[in-house]
Amino acid sequence: MSVTIHSKITDIDSLIPRVVDCETEDCRFKSFFYELYNFHVELEVCGPVKNNTSSDTLISNILTASETITIPKKSWEIATREYSRPLIRAQCSMTRVLMENIYFNLEGIKEQGPRVQFMSSPRGLKYTIGGNRYRTRVEGAAIVGPRTQYLPIISFTGGLENQTWDEFLIETYSAMLGQLTRNLSILQTGFEDQEVFIIGFHGPYLHIARGYFPKGLITRVHAEGYSENETKSLNFTRGYNLCFKEDWLEAIRALSRLLRYIISGKAKVGAVQVNM
């Protein structure tokens, strides 16, 4: 099954609505720096990071505005995945620690909505296209509800060594479809418009991806599959190199806003809407 993805890098104000008048990154992230060190050790294993920069893995440098991808029945069956496993593990462990620190230190966020837990262990998810079952695997997630129920509100993905743009899109889009299906499963009103957010890496750069899935599209694709000339738009933040102060602060602001937006219940995320 194929679909053409229209990708665009956009600013944070266009990607995530602001839900508080004043945003601050006044959080304690001391423990995260240990993860940051381990992450760069893993990067050195897969290939030296010269002066903490790898511009060839910056999304803006490799993005193809329109790319047709073929969705595999099992998204993780990529030859370089096992080779990249230590790197992926380090990336998603770092994402979990960062998001936990933000969540536990942002003022008033825990009182805003349902309790959020953070995981950095791989999890298989299923979704249906045209009556056919597909499988994907996310490397971690922010979840609400019981752990056994596994309702991701944000999924974490990692970047593979020498990952091409179409491989990157397959990884991201398959994770979105898996998360979307889990959120739809808890809705008692049937299919509804949904937003899906992914935090991922490409090389050493962290980014946020957003996909919007209207009810009509979900209903049609679930039953009939994608049409011959189907297109889907995905939006991304720029890549943030967390070793640089300016990027670090901007990433903290973006991730803080993302958490506030989703947990506020204003985002179209089924698991939060049900658990408010």
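This is a predicted model: local features need pLDDT of at least 70, side-chain atom pairs count only at pLDDT 80 or more; totals for chains, interfaces and linings use all residues.

Me: How many salt bridges does a search of the whole structure find?
Reply: Side chains of opposite charge can pair when their charged atoms come close. The cut-off used is a side-chain nitrogen of Lys or Arg within 4 Å of a carboxyl oxygen of Asp or Glu. Searching the whole structure on that basis gives 6.

Me: Which residue forms a salt bridge with Asp13?
Reply: The closest N and O atoms of the pair are 2.7 Å apart. The pair links distant parts of the chain, 244 residues apart. Asp13 sits in helix H1 (residues 12-15), and its partner is in helix H7 (residues 245-263). That partner is Arg257.

Me: Is Arg257 buried or exposed?
Reply: Buried means under 20% relative accessible area. Arg257 has 5% relative accessibility, so Arg257 counts as buried.

Me: Which residues are joined with Arg238 into one network?
Reply: Asp247 and Arg238 meet in a salt bridge at 2.8 Å, N to O. Glu250 also forms a salt bridge with Arg238, with the closest N and O atoms 3.0 Å apart. Salt bridges that share partners therefore join Arg238 to two residues, Asp247 and Glu250.

Me: Where is Arg238, the partner of Glu250?
Reply: Glu250 and Arg238 form a salt bridge. That pair links distant parts of the chain, 12 residues apart. Glu250 is in helix H7. Arg238 is in the loop between strand E10 (231-236) and strand E11 (240-241).

Me: What is the relative accessible area of Asp247?
Reply: Arg238 is partly exposed, at 29% relative accessibility. Glu250 is partly exposed too, at 28%. Asp247 is buried, with a relative accessible area of 11%.

Me: Which residues form a positive surface patch with Lys74?
Reply: Lys74 lies in the loop between strand E2 (66-70) and helix H4 (85-105). Patch residues need over 30% relative accessible area. Lys74 has 35%, which makes Lys74 partly exposed. The patch also holds Lys126, Arg133 and Arg135.

Me: Which side chain makes a polar contact with the side chain of Ser75?
Reply: Ser75 is found in the loop between E2 and H4. Ser75 is buried, with a relative accessible area of 3%. The contact is at 2.8 Å, and the side chain on the other end is that of Thr136.

Me: How many residues apart in sequence are His6 and Leu63?
Reply: His6 is in strand E1 (residues 2-9). His6 is partly exposed, with a relative accessible area of 32%. In space, His6 and Leu63 are 10.0 Å apart, C-alpha to C-alpha. In sequence, the separation is 57 residues.

Me: What is phi of Tyr150 near?
Reply: Tyr150 lies in the loop between strand E6 (140-144) and strand E7 (151-156). Tyr150 counts as buried, at 1% relative accessibility. Its phi is positive in a residue other than glycine, near 50 degrees.

Key. Residues are numbered from 1 along each chain as its sequence is written. Side-chain values use heavy atoms; hydrogens and water are left out. Patches are made of residues with over 30% relative accessible area and no salt bridge: like charges are joined within 9 Å, nonpolar side chains (Val, Leu, Ile, Met, Phe, Trp, Tyr) within 5 Å. Accessible areas come from the Shrake-Rupley method with a 1.4 Å probe; for residues, only the protein chains shown count as cover. Lys and Arg count as positive and Asp and Glu as negative; His and the chain ends are not counted. The place of a charge is taken as NZ of Lys, CZ of Arg, CG of Asp or CD of Glu. Helices (H or I, at least four residues) and strands (E, at least two) are DSSP runs, numbered from the N terminus. Buried means under 20% relative accessible area, exposed over 50%, partly exposed in between (1.4 Å probe, protein chains only). A polar contact is a pair of N or O atoms within 3.5 Å; within protein, one must be able to donate a hydrogen and the other to accept it, and residues adjacent in sequence count only if both atoms are side-chain atoms.
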